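I opened this notebook to record which side-chain contacts I looked up. The entries follow in the order in which I made them.

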Amino acid sequence: MVFCIPIRLLAQTDSIVFTDASTLYIAAKPFKTVNPYQRIDTMKYPALPAPVKRLLTHSAGLAICFTSNSTSIAAKWCVNKPITYPNMTTINSQGLNLYVQKNGKWQCAGVAKPDKQKCTQAVIVDNMEKGEKKFMLYLPTYNELNSLEIGVQCGSIIKALPDVFTKRVAVYGSSVTQGASASRSGLAYPAVLSRHLGYDFVNIGMSGSAKMEPAVVAMVNDVEADAYLLDCIPNGSVQQIKDRTMNMVLAVQKAHPGKPIILLN
């Protein structure tokens with residue numbers, strides 16, 4: 001049974017029904033995880049360096065894909081710990097960014113700015129045209145998301161949208177890959193490439209920690225993809241780049257024979 005509860009969101013009183021976002025489709029997931037909004041289960045990779053484990057609990061690159069005929073979209077979400085960064089907006093690091101498809105193209109529909117508390121509730125977009133629409137809701141790039149619910153108007157439908165992308169590209173890289181300094185999460189370059197090319201770019205960005213350690217290479221090799229994009233130059237020392245780059249390329253090539261490997265310089 002569904003109950004429509006009148007609530008007040010950003011000076012608007014409306015009847016909103018909230019759906020657990022984990023029951024919808026999550027794009028760009030490298031693995032299934034106990035916490036659906038983490039990129040990996042760190043317990044499965046005990047040899048990973050501690051900073052890498054922490055960063056991979058962040059929901060960078062993940063997007064909830066759904067359809068709805070609601071004319072407004074709201075959200076309730078909780079992050080692990082509110083953190084501000086001097087080089088990026090809180091909308092990017094721990095907020096939400098909604099895209100809607102119009103005439104076959106994805107366009108930004110709105111953002112949800114987080115409160116200073118762990119949990120926030122907000123209307124992302126309102127007064128949209130009627131009819132069923134396709135949406136992607138990008139999650140925080142630099143925080144661990146503990147819970148997320150998506151709200152639509154009472155009486156509206158909301159359904160998973162699983163067939164958004166045709167192929168899958170794994171992207172291993174630095175803070176720029178993870179989404180540092182973008183104004184909102186949908187502008188991290190793997191997300192931009194996904195919308196423009198129609199491929200699912202899986203964000204394995206590790207801010208400041210993309211150093212190609214053997215344990216990390218083994219984890220990346222567990223990600224099944226149609227191609228592998230390596231942005232591994234910015235974080236390593238000169239010696240690490242010399243010693244590890246070819247080893248990583250050969251390891252990926254051996255694990256995924258015939259799959260394209262692209263290096264960013």
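Entry 1, salt bridges. I counted a salt bridge where a side-chain nitrogen of Lys or Arg lies within 4 Å of a carboxyl oxygen of Asp or Glu. I worked on a predicted model, in which local features need pLDDT of at least 70, side-chain atom pairs count only at pLDDT 80 or more, and totals for chains, interfaces and linings use all residues. Residues are numbered from 1 along each chain as its sequence is written, and side-chain values use heavy atoms, with hydrogens and water left out.

My search of the whole structure returned two salt bridges. In one of them, Lys76 meets Glu149, with the closest N and O atoms 3.9 Å apart. Lys76 belongs to strand E5 (residues 73-79) and Glu149 to strand E10 (residues 145-153), so this pair ties together parts that are 73 residues apart in sequence. I took helices (H or I, at least four residues) and strands (E, at least two) as DSSP runs, numbered from the N terminus.

I then looked up accessibility, where buried means under 20% relative accessible area, exposed over 50%, and partly exposed in between (1.4 Å probe, protein chains only). Lys76 is partly exposed at 26%, and Glu149 is partly exposed at 30%.

The side chains of Glu132 and Lys159 form a salt bridge at 3.7 Å, N to O. Glu132 lies in the loop between strand E8 (119-125) and E9, and Lys159 lies in strand E11 (residues 158-160), so the pair joins parts 27 residues apart in sequence. I noted Glu132 as partly exposed at 48% relative accessibility and Lys159 as partly exposed at 43%.

I required NZ of Lys or CZ of Arg within 6 Å of the ring centre and within 35 degrees of the ring normal. Lys76 lies over the face of Phe18, 4.4 Å from the ring centre. The charged end of Arg195 sits over the ring of Tyr99, 3.9 Å from its centre.

Rings of Phe, Tyr and Trp (its six-membered ring) pair if their centres lie within 6.5 Å; planes under 30 degrees apart count as stacked, over 60 as edge-to-face and the rest as tilted. Phe31 and Tyr45 have ring centres 6.0 Å apart and planes at 35 degrees, so I recorded the pair as tilted. Phe31 is buried at 17% relative accessibility, and Tyr45 is buried at 17%. Tyr99 and Tyr138 form an edge-to-face pair, 5.6 Å centre to centre with 85 degrees between the planes. Both Tyr99 and Tyr138 are buried.
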